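Me: Can you walk me through this one? I have the sequence and the model open.

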Amino acid sequence: MDVLWAALREALALLGRGDPETYEIIGLSLRVSLTATAIAFALGLPLGMMLAFGAFPGRRLGLAAVNTGMGLPPVVVGLFVTVMLWRSGPLGPLELLYSPTAMVVAQSVIALPLVAGISAAALQQIDPDFRVQMRALGAGRARALWTVAVEARLPLLAAVMAGFGAVVSEVGAAMMVGGNITGQTRVLTTAAVLETSKGEFAIAIALGLILLAIAFAVIVVLTLAQQRGRP
Amino acid sequence: MSAPAPLLELRAVTVRAQERTILAVPRLAIDGVATTAVLGANGAGKSTLLRVAGALIAPDEGMVLLDGEPATQRALRAATAAVLQRPLLRRAGVRANVETGLRFRGVARAESRRRGEEWLERLGIAQLAQRPAHTLSGGEAQRVSLARAFAVEPRLLLLDEPFAALDAPTRGDLLADLRDTLAETATAALLVTHDRHEAAALADWIAVLHAGELRQQGRVEDVWDQPADEACARILGFENVLAPALATRLLGERCGATALRASDCSPAPAGSIAPGDDDLVAPATFRKLVPLGASSRVVAEIDGHRLLATADAPPPAWLADAEPGQGIVVRVPRARLRAVGVDRDARASEAGSGRVPASPTDRDPRCTR
């Protein structure tokens, strides 16, 4: 218990003394994870729509692939992204490895199946006749789809939360493609791993608590948006 | 001068699903101010027909004409608005729901608000404007759905069994209000329903659809009592269809299949009525009595074929005490008998339906009555 109390005091002290390195780590964690979630949603929602409503061969197989992807190990994603971005890899010339951009790419890949899979399920929950009814009132194809998405906004926000939750907490891919470089690619999870390996448990736990607090704050904002207008 | 083109016309329309024809309409014309009801059993292709009319699905063959010209999808969708069986409101307030179609059609916010309020008022739901849609009762929600469709001022309102899920009093009120509103606004409507009373209450024209095929159409008063064939007879509420052989025997003259409504068949104790010129009196076997509230249904048999008749509620004492197997007579005014053709699918679905089988040689619907 003493270690936990010490960690809590350390966490408050870290935040209280305005340590620039800590704030930099928090800022980068948020920036990378939120950007990756936004990209995953921007790609995952249309993908989910296609899998939910599309009429093409292999739709069910696609849905099964996406659902399998929900359990994609971050380490495997990290490995593939690393290979792709490696100096001699296909995207090597872009020189993105060990940069926040590489971390965003890896985390987007991790979140994409989660967002797409949950989105597809969310959209399929809406009565199929709802889209027909919107079309029958004059909505074009795209407008009708958008209206269905707005109708499914509660579970779609759950998809966003699941995506964010997955990426803000993962460490494997961030470590592999980011490299945990001080001042450049160190985020809360990788910093906590480093401190643990150094035996600095109090600091590691403090970073963990800060990570939890940030995740909680983001999810609270999304939940409030989701539950707006409900008692 | 030639007659004006109908508002909407389906010409040689066929829709197929998985190699099976689910709709075949040689021609269906919808007049500019009238209400046309398409009557059919569940699975007859009614909703498919409505969706073709609203350009929500494209037919595999044939065309849809608007004002006599082949219609584009965009033109058809602009001319129509639909009310489906379930209200399918957005998760939003009532006011926003009523404005939905207007916003889809690019009507400015202020004008949408004005027209939305007007239609909330006209359908008697102005007091619901601020309510979230999910708190409405079934009847209220369907009124909102109607207001939403009327608000876009369509030339043709498409109604897909809009009353099917409502309780009887709510349905009655809404039916009356809808009829008045259609008349006041001179809006044409295409109603698809399985309920012939609903069709008769709203429509000027009836088309009967059976197994995807348009079997009969005409003015309500012409179709209501003159079914073209056995399938039409069933849909139009003729519970009994006598096979030609049985009809010929009972009537003593050569007959085709003959339809009669249970409400025109009166049971009486055996030997209590003498056959007359105006009435057919057929000996039958009593099977059971089913109370229906306002009347009683009598299930009887003639030569092993089921015949439904109607008695008062409560039934007379002799009927209440009747034992299954007891001999009775059933009286039918000859004027209420209708000669009908025999469907090619009549024999296929004969089992269990109490339907009278017909032999291929009995197809001729001629009757000397």
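**Chain A, then chain B**

Reply: Starting with α11(A), what covers its buried residues includes α1 (2-16), α2 (20-53) and α10 (188-197) of chain A. Contact here has C-beta atoms, placed from the backbone, within 7 Å. Helices (H or I, at least four residues) and strands (E, at least two) are DSSP runs, numbered from the N terminus.

Me: Before going on, what kind of model is this, and which cut-offs apply?

Reply: This is a predicted model, in which local features need pLDDT of at least 70 and side-chain atom pairs count only at pLDDT 80 or more, while totals for chains, interfaces and linings use all residues. Residues are numbered from 1 along each chain as its sequence is written, and chains are lettered from A and ligands numbered from 1 in the order in which they are written.

Me: Which residues of α11(A) are buried?

Reply: A202(A), I203(A), A204(A), I205(A), A206(A), L207(A), L209(A), I210(A) and L211(A) are buried. Buried means that 20 or more other C-beta atoms lie within 10 Å of the residue's own, exposed that 12 or fewer do, and partly exposed is in between; the C-beta atoms are placed from the backbone.

Me: How many residues does α11 of chain A have, and what is its reach?

Reply: α11(A) covers residues 201-226, which is 26 residues. From first C-alpha to last it reaches 37 Å, close to the 38 Å expected at 1.5 Å a residue. The expected span is 1.5 Å times one less than the number of residues.

Me: What else is in chain A, helices or strands?

Reply: Chain A has 11 helices and 0 strands. Its C-alpha trace spans about 65 × 55 × 25 Å along the principal axes. Of its 231 residues, 42% count as buried. Among contacts between residues at least 6 apart in sequence in chain A, 76% join residues at least 24 apart.

Me: What is the mean pLDDT of chain A?

Reply: The mean is 92, and 98% of the residues of chain A reach 70 or more. pLDDT is the predictor's confidence in each residue, from 0 to 100.

Me: What do the buried residues of α6(A) pack against?

Reply: They pack against α7 (141-151) of chain A, together with β6 (80-83) and β7 (156-160) of chain B. The buried residues of α6(A), which runs over 128-136, include R131(A), V132(A), Q133(A) and M134(A). After α6(A) comes G138(A), with a positive phi near 115 degrees.

Me: How many residues of each chain are in contact?

Reply: 17 residues of chain B are in contact with 13 residues of chain A. On the chain B side, β6 and α3 (94-104) each supply at least two residues. The largest share, 3 residues, comes from α3(B). By class, that side divides into 8 nonpolar, 3 polar and 6 charged. Ala, Val, Leu, Ile, Met, Phe, Trp, Tyr, Cys and Pro count as nonpolar, Asp, Glu, Lys and Arg as charged, and the others, Gly among them, as polar.

Me: On to chain B. How many helices and strands?

Reply: Chain B has 11 helices and 18 strands. Its C-alpha atoms fill a box of roughly 75 × 45 × 45 Å, taken along the principal axes. Buried residues make up 44% of its 369 residues.

Me: Why is β3(B) largely enclosed?

Reply: Because 5 of the 5 residues of β3(B), residues 35-39, are buried. T35(B), A37(B) and L39(B) lie on one side, with T36(B) and V38(B) on the other.

Me: Which strands does it pair with?

Reply: β3(B) runs parallel to β8 (residues 188-193) of chain B, joined by 5 bridges, and pairs in the parallel sense with β9 (residues 205-210) of chain B over 4 bridges. Two strands pair if DSSP finds at least two bridges between them. V38(B) has V192(B) as its bridge partner in β8(B), and T36(B) stands opposite W205(B) in β9(B).

Me: What does the domain assignment of chain B give?

Reply: Domain 1 (8-224) and domain 2 (234-362); such bounds come from an automatic or database domain assignment. Their centres, taken over C-alpha atoms, are separated by 37 Å. The contact takes 8 residues from domain 1 of chain B and 4 residues from domain 2 of chain B.

Note on methods:
Contact = placed C-beta atoms within 7 Å.
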